[in-house]
Structure formats: C-alpha cells, structure tokens
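Hi,

Here is the structure I promised to pass on. Have a look, and my notes follow below.

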2 protein chains.
Amino acid sequence: MRRSIATVSLSGTLADKLTAVAAAGFQGVEIFHNDLVVSSMSPEEVRARAADLGLAVELYQPFRDFEAVPPRLLAENLRRAEHTFAVMERLGATRLLVCSSVSPAAVDDDALAAEQLRALADRAARHGITIAYEALAWGRHVSDYRHAWRIVRAADHPNLGLCLDSFHILARDADPYAIETIPAEKIVFLQLADAPALPMDVLYWSRHYRCFPGQGDLDVTGLLAHVLRTGYEGPLSLEVFNDIFRQAAAMRTAQDAMRSLIFLEEAAGRRLGGASRLTPPPPPVVPTGFAFAELAVPETGPLGDQLTALGFARTGTHSGKPVELWEQGEARILLNTGSAESEDGPALAAIGLESPDPAGSVRRAEALLSPVLPRRRGPRDAPLDSVAAPDGTELFFCRTARPDHSSWTDDFRTGGCAPSSPPEPSGEITHIDHVALTQPWHHFDEASLFYRSVLGLRPHESLELPDPYGLLRSRAVSTDDGRVRMALNVAHVGSHDRDVAWQHVALASRDIVATARRLRTSGGAAPLPVPGNYYDDLKARHDLGPERLRLLRELGLLYDRDEHGEFLHCYTVTTGRVFFEIVQRIGGYRGYGAPNAPIRLAAQHAHSS
Amino acid sequence: MRRSIATVSLSGTLADKLTAVAAAGFQGVEIFHNDLVVSSMSPEEVRARAADLGLAVELYQPFRDFEAVPPRLLAENLRRAEHTFAVMERLGATRLLVCSSVSPAAVDDDALAAEQLRALADRAARHGITIAYEALAWGRHVSDYRHAWRIVRAADHPNLGLCLDSFHILARDADPYAIETIPAEKIVFLQLADAPALPMDVLYWSRHYRCFPGQGDLDVTGLLAHVLRTGYEGPLSLEVFNDIFRQAAAMRTAQDAMRSLIFLEEAAGRRLGGASRLTPPPPPVVPTGFAFAELAVPETGPLGDQLTALGFARTGTHSGKPVELWEQGEARILLNTGSAESEDGPALAAIGLESPDPAGSVRRAEALLSPVLPRRRGPRDAPLDSVAAPDGTELFFCRTARPDHSSWTDDFRTGGCAPSSPPEPSGEITHIDHVALTQPWHHFDEASLFYRSVLGLRPHESLELPDPYGLLRSRAVSTDDGRVRMALNVAHVGSHDRDVAWQHVALASRDIVATARRLRTSGGAAPLPVPGNYYDDLKARHDLGPERLRLLRELGLLYDRDEHGEFLHCYTVTTGRVFFEIVQRIGGYRGYGAPNAPIRLAAQHAHSS
C-alpha cells in the first residue's frame with residue numbers, strides 16, 4: 001500500500017519537507033494548506049517538485065467550517081471551495097479533506113449537512129476532485145466518525161466519502177469496530193497518528209502532543225486492522241502535530257515516521273493473519289543479553305583503576321586496535337583509546353548485544369532504516385556487524401564464544417588469562433544489568449520506537465525525574481525476560497548549559513554489600529556520596545530496622561522496593577560522561593530505582609560543579 | 001506582612017535557593033521536603049544558613065496521605081509524623097503542611113479525618129508545631145477548602161488550622177467568598193500561585209504550568225483580598241511548580257517572584273481600600289507614547305539608507321556621542337555607532353518612552369526590582385534615566401520638547417533642520433506604532449509581568465504562531481489608549497540553532513500605499529517578499545475586490561481585519577537582528593496582524609538562510 005505523510009508533520013520549508021519525505025521512501029504526501037500559503041513555490045512548482053521526487057500529492061487539507069450553514073453562508077462557502085479547487089488543480093491534488101465544522105454558524109441538522117456536502121461533491125466532481133469528510137474530535141455537531149458516516153451515506157455522492165483519522169477516533173474512545181461496516185470505496189483517506197496518554201482537553205492534546213504510531217498509547221494497530229478488513233486500498237498517511245517535531249530536522253523526522261509506519265504495518269499484519277496484504281519486514285531478533293559495553297577513553301588508567309576496584313580483571317588486548325578487554329563473571333567492558341569520541345573524557349561508544357542470529361538482527365535494523373555502519377574491524381577480525389542507535393551509540397550484534405559462530409573475543413589476545421573462559425572471579429559482579437543512555441531532547445520518542453521496533457524491546461512507563469535544574473524524562477525498554485534492559489533519559493535544555501548527558505553501565509552484583517565495601521577500601525573508584533538526609537527520610541518511609549539502615553548509611557547504598565522485591569544500588573562518580581552503577585535485585589524487583597534518581601542527580605551536579 | 005517563597009519554585013541546590021530568596025528580599029522560606037532530602041546540608045546547617053541570611057523557615061512541606069485511615073495505617077502514619085517532627089525541630093520549622101489524602105486507603109469520613117488530625121495536632125503541639133491542613137484540588141475525598149475547614153473546625157485543636165492555596169481554590173472555581181467566614185487564627189498559612197488558562201487536568205496543570213501571580217489568568221488578587229479581610233497576618237508565600245522556572249537561574253526567578261508579590265499586594269490593597277494594611281510601592285506612571293527607538297549599528301550607512309527610503313531625514317547629531325537622530329512626523333530613530341551591542345549587526349538597544357513624570361517612572365521601576373542603569377550621558381547632557389528590561393533593552397523615560405522638563409533632544413546639534421520642530425515631512429510616517437522584542441524562552445512570563453507592573457501596560461492574549469522551525473509564543477502589552485504598544489515574542493530553542501531573535505520597530509503610515517511605493521522605487525530598503533500563494537489564499541478568505549487585491553499583491557502588502565477595522569502592513573528585510581514594519585490601522589483595528597505572522601516568519605527564514 002502507498003505510504004504517505006502530511007507536510008505539517010515536519011519542520012522547515014515546503015521544499016525541505018518534500019525532499020525529506022521522498023528521501024525517507026514515502027510514495028505520497030498530504031499538502032497542508034498553511035505550508036503552501038507561506039511557501040515561495042507556486043502550486044505548479046510544488047506539483048513539479050513532487051513529481052520529480054516521485055511523490056504523489058495524495059490530499060490537500062484542510063477545508064474548514066463548510067457544512068450545515070444558512071443559505072447566505074453556503075454561497076460564501078462554495079465560493080471559498082471554488083478557490084480551493086482551483087489551487088488543487090494547479091497542485092495536481094484530487095482529494096480534499098473537509099473537517100466537520102467547528103463554527104457557531106453551523107446548525108445541528110444532519111439532513112442539511114448531507115445536502116450541502118452533496119452540493120460540494122457535485123462541484124468537486126467537475127474538477128475531478130473527491131471530498132474526504134472527517135469528524136474532528138472537537139467538531140461542533142459532528143465529532144464521531146460514525147456520525148460522519150451517516151451523513152456521507154445520506155448524501156450518497158460518488159465524489160464524497162470519509163477521511164478516518166486514528167487520533168480523532170481513538171482520542172474519543174469511539175468504538176472502532178463499526179469501521180468494518182463502511183464499504184472500502186467510501187473510505188477516501190486514512191490518517192494515522194498516535195499520542196501519549198495525557199490528561200488534557202482533546203484539541204490541545206491533538207495540536208501539541210500527537211506522535212508517530214508506536215510512540216504513544218493509542219491502539220493505532222487495532223484501528224488500522226479494522227480499516228484494512230474493509231478492503232481499503234488507499235494510502236496510509238501519517239498526520240502528526242507535535243511541538244518537538246516542528247523543531248527537529250525534517251530528514252530525521254521523516255525517517256522516524258517511516259520506521260513507525262513499517263512497524264505499524266507489521267503489527268497490523270499480525271492481527272490480520274492470512275488476510276493481510278501487507279509485506280512484513282524481516283522479523284525482529286530479540287537479543288538475549290549484553291555481550292559488552294565499550295567505553296571510549298583518552299587513556300586506560302583511570303577507568304582501569306575503577307574496574308579493578310570493582311573486581312574486574314584485564315583479560316585481553318585487541319590484536320589490531322588499542323582496545324582492552326576487562327571481565328568479571330559475564331560482564332565485559334572494553335576500553336578503547338583509539339576513538340575520537342573520548343575527546344571530552346570517557347564516553348559510552350558502543351554496546352554489544354548477544355543475538356541468536358546476528359545477520360538477522362542487521363537485516364531487521366536495515367529494513368527499519370537504521371544506518372548499518374561500516375565494519376571497523378581489520379581484515380583478520382571476526383565479522384561483526386553494527387548499526388547506529390539514535391543517539392549515535394554503536395550497537396553490535398554478537399554471539400560470544402558459541403560453537404556455531406565466530407566470536408568477537410577471538411580478536412583479543414589473552415592478557416594473563418584467556419578471555420571467554422573468565423578469570424577466577426575476584427569480585428561479586430555477575431553481568432551487565434542495564435545500560436542508560438541520554439538522548440537529545442528532540443529524539444526521545446524516536447529512541448524508544450527505535451529500540452522497540454528494531455530490537456523488539458518493550459517500552460515501559462515514561463517517567464519524569466526532578467533534577468535540580470529541570471524535569472528529566474526517562475523511559476526503560478527491556479526484553480520480557482529482563483536479560484536486556486536499557487534506560488533512555490532525555491536531558492532538558494537548561495538555561496545555563498547544564499545539559500545532563502551522562503551515560504552509565506549498571507553492573508549486577510550478587511553481594512552489593514561486599515562490592516560497596518571493596519569500592520570504599522580500594523581507592524580506585526570514588527563512590528558517589530549520598531546525603532545523610534536521604535537515610536533520615538528512608539527511615540521515615542520504610543521500617544527497615546536500625547541494623548540494615550546503619551549498613552545502608554555506612555556504605556552509601558540506596559534502597560527501593562516494588563511489589564516483586566527489593567533493590568539496592570550505588571554509583572561511582574562520573575568520569576567524562578560515564579559512571580558505573582552497582583545494583584542488586586532481591587526477589588523479582590523490576591524497576592531501576594527511579595525514586596532515588598533525584599538523589600543521584602543532585603549528588604552528581606554537586607560533584608561535577 | 002512577611003514575604004515568603006517555597007524552595008520548589010526555584011532551580012538549583014537548596015543552598016543556591018536560599019541565597020537567591022534572601023537576595024530578592026524575601027523574609028521567609030518554605031522548605032520543600034525533596035529539596036532537603038537531596039541536599040548535602042543537614043537540617044541544622046539549613047537552619048543556620050537561613051538564619052545567617054535573615055530568613056525565617058516559615059513552613060516545612062508536604063506531609064502526605066495522613067488522615068481518615070484504618071487504625072493500623074494510623075499508627076504507621078503517626079510514626080512517619082514523628083520522624084517529620086524530628087526533622088522540623090532540627091530545621092527550626094514550626095508549621096507543617098498536611099495535604100488532603102490522595103490515598104486509596106483513605107475513607108470518606110469527615111469525623112474520622114477530624115479525629116485523626118486532632119491526634120496529629122496533639123503530637124505536633126508537644127514539638128511546638130502547628131499543622132496547616134490543605135485541600136488539594138485533586139484530593140481523594142477532600143478537594144475544596146470549605147470541606148477542609150469543616151474538618152478543621154470539627155477537630156477543634158489550637159495546633160491545627162488551614163493552609164489556603166490560591167491555585168487549589170481558583171483552579172476548581174471554588175467560591176472564594178467563604179474564606180471571609182474563617183477566623184484569621186485558623187488560617188495557618190497562605191500559598192499564592194497563578195496559572196494560565198489551559199484546558200487540562202488540574203493535577204497535570206498544577207505540576208507543570210503554575211506561574212507567579214500576575215503572569216496567569218487566575219484572580220489571585222481577589223483571593224488575597226478575601227484572606228486579608230479575615231485579619232490574617234501570617235506570611236504571604238509563593239508556591240509555584242513550573243517546568244521553565246525549574247530550569248532558569250534561581251537569582252533571577254526569585255526577583256521575578258518578588259516583583260509579582262509586590263504587584264499583587266498593591267492590587268489587593270486597592271481592592272481593600274482604606275482597610276488595607278499593605279504599604280504600596282510608588283504608583284505606576286503610564287507612558288504616553290514613544291519618544292524614540294535607538295538602534296545600535298556598526299555603521300550608519302545601510303540603516304540610514306533604509307530610513308531615507310522610508311521618508312526619514314537626519315535631523316541631528318549628538319553633541320558628545322556617535323549618535324544620529326532621524327525624524328519623520330513624531331517617529332524618531334537614533335542610530336548609535338558607539339555601542340558594543342552592534343557586534344552582530346544592527347540591534348534594537350534602547351526605547352525612549354514619553355513619561356508624564358520621568359523621575360516617578362524610575363522610582364516605580366526601582367521599587368519593582370528593575371535595575372536602574374547608570375546614566376550614559378556626558379556631564380553637559382540632559383538628565384535621562386533608564387532601566388533595563390528583562391531582555392536587556394534599555395528603557396528611557398523622557399519628556400520630549402516640553403517646557404516643564406529638559407529634553408533629550410537638547411543634546412542633539414541640528415543637522416540641516418532643528419530637531420523637535422520636525423522637518424517638512426518627506427513621507428507618510430506619523431509615529432512609532434509599536435516595537436517588538438524577542439525574549440529569551442525562559443523569561444517570557446517575566447517579561448509580560450515586567451511591562452505590566454513597571455509600566456502599567458495591559459497584557460493581551462498569549463498567541464502561538466507557527467514558524468517553519470517551531471511554534472513561537474507571542475503576547476502584546478499596551479496602554480489602554482494604544483499610544484504605547486509592544487509585542488513580546490519568545491523564540492523556541494530549535495534543534496538547529498535557528499533561534500529567532502528578531503526585533504522590530506513598526507512605523508505608522510497614514511498612507512501605506514504611498515510608503516510601499518516609495519520603498520519599491522527608492523532602492524534603499526528592500527521590502528520583504530510576500531509569496532503569491534498568500535494572495536490566492538487572501539482572495540479565498542476575504543472578498544476584497546479585484547482592484548484592491550491587485551494593489552496589495554503588487555505592493556507586497558499584507559491584510560487583516562477585526563471587528564473594529566482593517567490593517568495593512570509590510571516589512572523590510574532584516575539587517576542584523578532588526579527590521580522595520582510599516583502599518584496602517586484603518587478604523588479602530590486593535591491587533592498586530594498575527595494571522596500574517598507565519599507568512600513573515602517563513603519569508604524571513606528564506607531570506608536569511
């Protein structure tokens with residue numbers, strides 16, 4: 001089916017938008033009236049540019065406040081319509097979106113609305129134009145698609161049908177099953193948008209907070225399945241009003257949009273089963289764990305000291321690059337002194353994910369428009385494919401030390417003891433529990449959709465964490481079994497350049513008390529200080545007993561619990577952009593210690609200022 | 001009365017907040033629990049720091065989910081309370097804010113709530129602490145202050161009273177008159193906050209969008225008057241949760257807060273008349289017009305050519321500084337080549353306002369915490385006082401060519417013809433219609449309150465204008481007679497550094513057709529091109545007649561109308577940060593052509609890229 005997007009979804013000039021839409025692989029575009037009016041390109045030039053780019057002008061929109069008015073106003077509205085038809089002919093557009101009226105002049109009279117829409121369709125027909133009538137969720141008299149359908153059915157004109165919009169339908173909780181009762185040929189157009197669940201007026205919500213399907217909380221998949229069951233064969237078109245996308249680079253937003261649409265089609269296809277006419281992308285290959293975390297460092301000394309203090313041992317050196325391998329249990333950290341990313345101090349440059357099928361992982365990523373990166377390894381190295389995540393972090397798909405596949409560890413010369421037959425554990429760390437990445441503020445929704453669609457991770461609740469210099473958004477994504485967990489944080493743009501772009505690797509310890517003691521005595525890694533007030537407050541919040549509380553306070557450990565279990569954690573101070581977290585999950589605790597994040601953030605600011 | 005503010009209203013560490021609160025002149029502070037918990041200062045250190053700064057710790061807050069619970073939970077809640085009392089004793093706080101419960105464990109039983117609050121007050125009394133019970137607007141069973149008052153009255157304990165919060169009362173439209181039935185001694189604390197009218201859930205609205213009184217749409221003045229009529233003598237305390245203030249510099253936000261409180265007290269005092277115990281600041285001196293606009297320029301040539309093309313004549317040169325005076329009608333423009341502000345090209349550096357009492361204007365500004373600037377003029381110059389507006393623009397208070405006062409024009413040597421006896425008009429410009437200033441995004445609310453409180457201007461509706469690279473907020477402020485009008489715009493922080501920080505001077509023409517013709521033929525000032533699509537759209541929107549439409553299109557004039565009249569306007573292209581607008585108001589048109597702003601913004605981006 002043809003993929004389309006409304007120009008209003010993107011930032012920039014109309015020319016920029018068309019270029020971005022074509023580059024992302026869309027076949028069509030909805031031209032938003034305001035984008036045309038402010039453009040220095042004439043409708044003929046827009047038509048030619050779209051044609052050059054291989055884009056069909058699928059729809060022109062919106063035409064407002066037309067139907068169910070007194071005769072004098074009808075004449076004026078038809079005059080406006082003729083002007084609009086003239087622009088559309090120049091533009092080469094054959095579908096016009098007519099929104100249900102919000103005008104106080106409109107009367108609540110379905111028969112009148114049908115009669116006037118029929119008159120409009122009659123005139124449209126002379127220009128080869130079809131009217132797509134849409135129930136706005138905040139329409140004055142018509143705010144439900146089923147009501148719009150009754151009017152369209154009564155009008156009964158071949159050049160009049162419906163525009164269905166997932167936002168308008170789902171935001172009002174209108175039963176979407178009735179869609180299947182509409183004949184496919186009367187669905188002229190389908191607009192798709194999602195939105196996060198936010199407790200506000202539907203108009204305000206629609207204007208500022210729509211997002212691409214898969215980034216919000218609406219069941220756009222279910223809606224699309226209903227529409228496809230009718231036999232609808234028109235374009236699938238994204239229409240998103242979003243304050244952030246208005247400011248972000250159009251090329252990137254368009255790619256994000258296309259990723260969303262491919263992922264949505266796949267999900268709808270699954271619901272339809274054999275009846276689906278959609279071609280799915282290669283299936284996701286869900287990662288089964290972390291293979292490694294790679295830190296770009298200016299020198300290995302300080303981070304090496306930290307790792308030693310945590311009980312890691314250096315177990316290998318790369319045969320062709322200045323990269324050291326450090327191991328403890330199944331936790332592996334690479335220190336790379338050959339990367340330009342360490343310019344401002346240590347940074348998390350890459351993550352290795354265990355994949356049951358690394359080639360399949362890459363095919364999936366590529367089909368979902370993720371940049372596949374050129375192999376960095378030398379000709380003798382094990383083949384290792386990687387893609388770029390939205391924040392630039394490189395993701396490698398690995399099979400570590402499995403007989404059926406070459407292993408990245410083969411490229412490392414043993415340094416003391418053989419890699420992948422881990423050294424006698426000197427500490428309590430067993431594996432990487434999660435990694436946390438800071439996203440640029442205008443790519444947060446893109447990032448959660450990326451991990452969801454490319455890696456098959458499940459997004460969790462979006463949180464707001466109070467940092468001393470602003471509220472930070474945070475959202476975890478994970479596999480169902482919890483073997484791969486990632487925390488995505490967004491830094492608000494502060495007024496004093498205190499952008500928080502910290503990244504961290506959380507290491508699971510089977511005895512965090514021992515690890516914390518080790519940290520305190522070794523001197524190699526300074527633990528992040530926790531204020532005494534935290535423990536006074538913890539005492540008031542939880543009845544932990546004096547002994548346990550004393551231990552937590554003495555070792556600077558933070559505490560949380562959920563209905564499944566308990567969580568103990570602590571941090572090292574930040575070096576460059578990077579710090580380590582040590583965590584111990586007791587019982588089935590599922591969170592990330594979010595209630596303690598304000599404590600950490602305040603301490604980190606105090607420590608870095 | 002004592003002025004106070006909650007630490008949650010400000011950005012930064014607790015130590016930063018206390019410093020900012022004291023520097024802005026507050027006498028007291030509410031310590032927000034989370035600010036203390038994340039702080040590295042112990043409660044004793046906070047107490048000592050506050051005392052050093054001359055700040056009373058007026059309140060500790062909040063204590064949540066206490067009342068109307070089953071016995072087992074009551075014991076646990078009293079245990080929590082004892083911990084809180086212990087912290088408060090260390091902190092030196094004697095009032096505790098208890099919010100109405102939002103817990104599902106709370107039962108709807110006023111008698112039980114009263115009984116348990118009495119038990120809490122009994123325990124609080126032993127620590128010399130008083131409980132201030134507040135009805136949260138989203139409380140589970142208690143969400144109205146009148147309900148909270150019934151419970152407090154039933155509990156009848158000297159250490160239990162109410163906390164009234166303007167947001168919680170006004171956001172729910174609760175009748176505020178009943179406040180006057182509450183005895184003053186039972187109002188333990190008063191919290192003040194405003195909020196813009198936004199169509200959303202009250203909890204979400206409260207958490208993100210509160211602002212200081214005078215910056216929003218709630219009648220905080222009326223509420224304060226009701227409270228003062230009870231005889232309440234406790235602190236007036238600002239408590240604002242605002243996403244932007246969380247990110248802005250604390251010192252500046254605290255000053256903004258103090259300005260808001262002084263202005264609020266003045267307004268409430270006016271409502272109370274003779275009964276007021278508040279000392280008002282010096283009264284505002286409403287400006288009567290624009291004396292001049294001063295542009296900082298690297299060289300006078302290009303701007304001088306533009307002014308010539310618009311019909312201005314150079315009429316004087318400053319006797320001691322590199323400043324030229326250009327005049328036409330009552331419009332006066334200064335070109336200053338001696339200012340550092342012209343580093344990145346021409347910029348609007350100062351505005352001269354006609355004041356009936358310049359010294360009074362300065363006294364007012366000073367009382368409202370505006371920085372009074374050192375006089376820039378030489379010893380022989382006419383005395384001229386100025387203050388800094390929030391965006392750094394210098395505001396001068398002038399009496400131009402009046403017999404009762406020295407005039408700034410006396411410092412200018414005539415250059416051809418005498419200033420203030422304007423030259424034979426060579427054009428149609430009569431005066432400065434308005435100036436438009438771009439505010440840093442985190443100082444927008446501060447700016448509108450500044451012009452409202454310091455100059456007595458009236459704020460108009462806040463608008464959102466679609467720029468190709470983001471939505472821009474815009475708000476006009478004006479005198480009632482329209483002789484001084486200013487448009488305040490905010491630039492969103494874009495992802496590609498396209499911050500729009502344009503400023504402009506709008507010149508009123510009595511014949512814009514002639515002025516536009518002059519512009520087109522002179523060559524000295526390029527008019528901003530208007531896309532042809534605009535006129536196609538205008539034709540569809542308004543029935544203007546072919547002749548008029550042809551003229552508008554030919555001259556690149558934009559058109560708007562409101563219920564009072566019509567508006568014609570056009571622009572010059574931007575030089576540095578500055579451009580000119582030419583406007584003609586026909587009939588009583590009151591706006592600023594906002595519907596055409598997207599056309600201008602798109603054309604400006606196209607022209608500057």
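Which residues are buried in helix α8 (residues 202–209) of chain B? They are B:W205, B:S206 and B:Y209, where buried means that 20 or more other C-beta atoms, placed from the backbone, lie within 10 Å of the residue's own. Looking down the axis of α8(B), these buried residues fall within an arc of 115° (taken over the directions from the helix axis to the C-beta atoms), so they line one face of the helix. Their cover includes α7 (166–171) of chain B.

Before you go further: this is a predicted model, in which local features need pLDDT of at least 70 and side-chain atom pairs count only at pLDDT 80 or more, while totals for chains, interfaces and linings use all residues. Residues are numbered from 1 along each chain as its sequence is written, and chains are lettered from A and ligands numbered from 1 in the order in which they are written. Helices (H or I, at least four residues) and strands (E, at least two) are DSSP runs, numbered from the N terminus.

Now the chain pair. On chain B, 47 residues are in contact with 47 residues of chain A; contact means C-beta atoms, placed from the backbone, within 7 Å. Elements giving two or more residues to that side of chain B include α4 (71–91) and β20 (470–478), and α15(B) provides the largest share, 7 residues.

Finally, α4(B) also meets helix α3 (residues 43–52) of chain B: B:P43, B:E44, B:V46 and B:R47 in α3(B) touch B:V87, B:R90 and B:L91 in α4(B).

Cheers

Methods
Contact = placed C-beta atoms within 7 Å. Buried ≥ 20, exposed ≤ 12 C-beta atoms within 10 Å, placed from the backbone.
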